[in-house]
Amino acid sequence: MPEEVFSVDRRVAFIYETETAVTFVGEGVQSIAEWDATEDRRIVGLHLLAQGFERLLKVTKALIQLEEDGTLPSSKQLRSLYGHVLSGLLDDVLAACRRDETFTARPTIRCDIEFLASDELWRAMLDVLSELGSGGRYHDLDTMLDGNARSESPLDLWEIIEMDICKADPKWLALMESDPAAFSRQWYPALSAIQTETLQRAARAITRMWTLGPAQENGRTMTGTISRYLYLMDDQLKTPSAS
């Protein structure tokens, strides 16, 4: 990292911020994956995921800018450009990835980019996390204080995604009607695997930009921290990664 850009304090903050982002994503995935229709603490997982992916994407965006023109964006610039809207932030990161022909020459990376850009489930999840960061995080507090909220409930929006997953495979609705007990035993582990795979595939794709793509010059220094997702194999994506 250029000394004129990264002082010791800023380098340490970069390390801490990356650790925080990876931990938040990991704990968020774990919380979502563990839900089995008993005590519902998914909202905590959604808060962690929203913060984790926002932090990871903003650091990625900053590293890409540093590599392209030697400067870091200010926090004010990132807030002005994106606020907490993660879809626009991700799309700008992907645009930078597409400009890196060495990166996109790899078939696996092209699949990563297509997934991040177009996978319907991932983009729906990202929209919920954006809504949570943009105001939905206060839904329950606003409802408590005012009797209503200015934003939709992030958990309600997440449940719509889960119901869409259920409806996408007719066997689940049929099992729900014919044998609710069997449905409960089988559906929640299946839902966990689908959600975990999607979220961890996204995290892996983003961290690959740090070692193979447009953020690699500085991102490679954090390989140990991002290894939680960087080295996941396809057959490991359905199970929450260990820290």
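The following questions and answers set computed values for this predicted model against the definitions behind them.

The model is predicted, so local features need pLDDT of at least 70 and side-chain atom pairs count only at pLDDT 80 or more, while totals for chains, interfaces and linings use all residues. Residues are numbered from 1 along each chain as its sequence is written, and side-chain values use heavy atoms, with hydrogens and water left out.

Q: How do you know whether the radius of gyration of the chain agrees with that of a compact globule?
A: The radius of gyration is taken over C-alpha atoms, and the globule rule is 2.2 Å times the number of residues to the power 0.38. For 243 residues the rule gives a value near 18 Å; the chain has 19 Å, and therefore agrees with it. The C-alpha trace spans about 65 × 45 × 30 Å along its principal axes.

Q: Why is Cys97 called buried?
A: Buried means under 20% relative accessible area, exposed over 50%, and partly exposed in between (1.4 Å probe, protein chains only). Cys97 has 0% relative accessibility and therefore counts as buried. Cys97 is placed in helix α4 (residues 86-99). In the chain as a whole, 47% of the 243 residues count as buried.

Q: Which residues does Cys97 touch, not counting residues up to four places away in sequence?
A: Contact means heavy atoms within 4.5 Å. Under that exclusion, Cys97 touches Phe103, Thr104, Ile113, Met209 and Pro214. Cys97 and Ala215 are 118 residues apart in sequence, with 9.0 Å between their C-alpha atoms.

Q: Why is Val44 called partly exposed?
A: Val44 has a relative accessible area of 35% and is therefore partly exposed. Val44 belongs to helix α2. From Val44 to Glu27 there are 17 residues in sequence and 9.4 Å in space, C-alpha to C-alpha.

Q: What makes a set of residues a nonpolar core, and which residues have the most contacts inside the largest one?
A: A nonpolar core is a set of buried Ala, Val, Leu, Ile, Met, Phe, Trp, Tyr and Cys residues joined through side-chain atoms within 4.5 Å. The largest has 68 residues, and those with the most contacts inside it are Leu46, Phe53, Leu116, Trp122 and Trp210. Helix α11 (residues 180-211) supplies the largest share of this core, 12 residues. Leaving aside neighbours within four places in sequence, the contacts of Phe53 include Trp122, Leu199 and Ile206.

Q: Which residues of helix α13 are buried, and what covers them?
A: In α13 (residues 223-230), Ile226, Arg228, Tyr229 and Leu230 are buried. Their cover includes α1 and α11.

Q: How many residues of each class are in the lining of the largest pocket?
A: Ala, Val, Leu, Ile, Met, Phe, Trp, Tyr, Cys and Pro count as nonpolar, Asp, Glu, Lys and Arg as charged, and the others, Gly among them, as polar. By these classes the lining has 11 nonpolar, six polar and seven charged residues. The largest share of the lining, nine residues, comes from α2.

Technical notes. Helix = DSSP H or I, 4+ residues; strand = E, 2+ residues; numbered from the N terminus.
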